[in-house]
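Subject: Structure handover

Hi,

Here is the structure for you to look over. My notes follow below it.

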Amino acid sequence: MPGISPTREEGPPKIQGQTTYVLVHGAWHGSWCWKRIRKRLQDAGHQVFTPTLTGLGERSHLNSAAVNLSTHIADVVNLIRWEDLSSVIICGHSYGGNVISGVADQVPERIRTLVYLDAFVPEDGECLFDLLHPPEWAQQMRLQAQTAGAGWNVPPIPAEHFNVNLRDAAWVNAQCTSQSIASFEEPIRLNRVPSRTHDATYILATGWDNSPFRVAHERAKAKGWRTLTVTCGHDVMLDLPGELTDLLLGS
């Protein structure tokens, strides 16, 4: 309207001592898996974002064969840009390790610390299937996509396989949704200049069998990252929410 100058709306000023957390879920999960951690961090006075990746959870209606790792990296990069976040502690669980690696590569100036929570640690050109140990896991997931997912959709692995605590296992199975196989097959592209590195922590969950993340844990050690272990199943945010919150607060 004449005489009215448009102004840019900005969020509330950041409180002194307040930290910004972005928590990225793993395969087949959604924002719902972070609800206990989110509340604890918010109660401690921090700013917390728990995006659900395209095609999963409450966004499962957007799932398609075209959804891939690049889609999920863009989900989080765009959140950070549009919310104008900076000095972010970003935590990726499981498959989310691939996502946060791509995010940190694209917006390194906005990231303070990377936390890999029982997660994959990819190098340039690797996809999730390259990182699975033993490789029979990848073969099984491809077979499931062919037999039960119309050739492109991978049904979730049951919570029992990951030793999710008995109280939550049935709920997790009900909440998890299928995921596009393209997100597991697309190689990550990392272009980060070597000097643009971040503080990084790796947390390994040791309370479940046949974990493929021990290799990632060793890779983190070789990179000189801070490494920690917790004794619980793969879904640490559900099994040990209090302990995980304390670890994030100390990041």
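Which residues are linked in a network of salt bridges? Arg36, Arg167 and Asp168 are. A salt bridge here is a side-chain nitrogen of Lys or Arg within 4 Å of a carboxyl oxygen of Asp or Glu.

Before the details, the ground rules. This is a predicted model, where local features need pLDDT of at least 70, side-chain atom pairs count only at pLDDT 80 or more, and totals for chains, interfaces and linings use all residues. Residues are numbered from 1 along each chain as its sequence is written, and side-chain values use heavy atoms, with hydrogens and water left out.

Salt bridges

The structure holds ten salt bridges. One of them joins aspartate 168 to arginine 36, with the closest N and O atoms 2.8 Å apart. That pair links distant parts of the chain. Aspartate 168 sits in helix H6 (residues 166-175), arginine 36 in helix H1 (residues 35-43), and 132 residues separate them. Helices (H or I, at least four residues) and strands (E, at least two) are DSSP runs, numbered from the N terminus.

Aspartate 168 also forms a salt bridge with arginine 167. Here the closest N and O atoms are 3.8 Å apart.

Aspartate 168 has 4% relative accessibility, so it counts as buried. Arginine 36 is partly exposed, at 21%. Arginine 167 is exposed, at 65%.

Another salt bridge pairs aspartate 43 with lysine 39, at 2.8 Å from N to O. Both residues lie in helix H1. They are four residues apart, about one turn of the helix. Aspartate 43 counts as exposed because its relative accessibility is 55%.

Helix packing

Helix H2 (residues 69-82) packs on helix H3 (residues 96-106). The angle is about 55° and the axes are 9 Å apart. Axes are lines fitted to C-alpha atoms, for helices over the stretch in contact, and angles run from 0 to 180 degrees between N-to-C directions. H2 and H3 are therefore oblique to each other. On this scale, angles under 35 degrees are roughly parallel, over 145 roughly antiparallel, 65 to 115 roughly perpendicular, and the rest oblique.

Which residues make the contact (heavy atoms within 4.5 Å)? From H2 come Leu69, His72, Ile73, Val76, Val77, Ile80 and Arg81. From H3 come Asn98, Val99, Gly102, Val103 and Gln106. By class, that gives seven nonpolar, four polar and one charged residues. Ala, Val, Leu, Ile, Met, Phe, Trp, Tyr, Cys and Pro count as nonpolar, Asp, Glu, Lys and Arg as charged, and the others, Gly among them, as polar.

Backbone points

- The peptide bond from histidine 133 to proline 134 is cis, with omega near 0°. Proline 134 is in the loop between helix H4 (128-131) and helix H5 (136-148).
- Alanine 150 has phi near 55°, a positive value in a residue other than glycine. It lies in the loop between H5 and strand S5 (153-154). Alanine 150 is exposed, at 69% relative accessibility.
- Asparagine 210 is not a glycine, yet its phi is positive, about 55°. It lies in the loop between strand S7 (199-205) and helix H8 (214-222). Asparagine 210 is exposed, at 59% relative accessibility.

Best wishes

How values were computed: Buried means under 20% relative accessible area, exposed over 50%, partly exposed in between (1.4 Å probe, protein chains only). Contact means heavy atoms within 4.5 Å.
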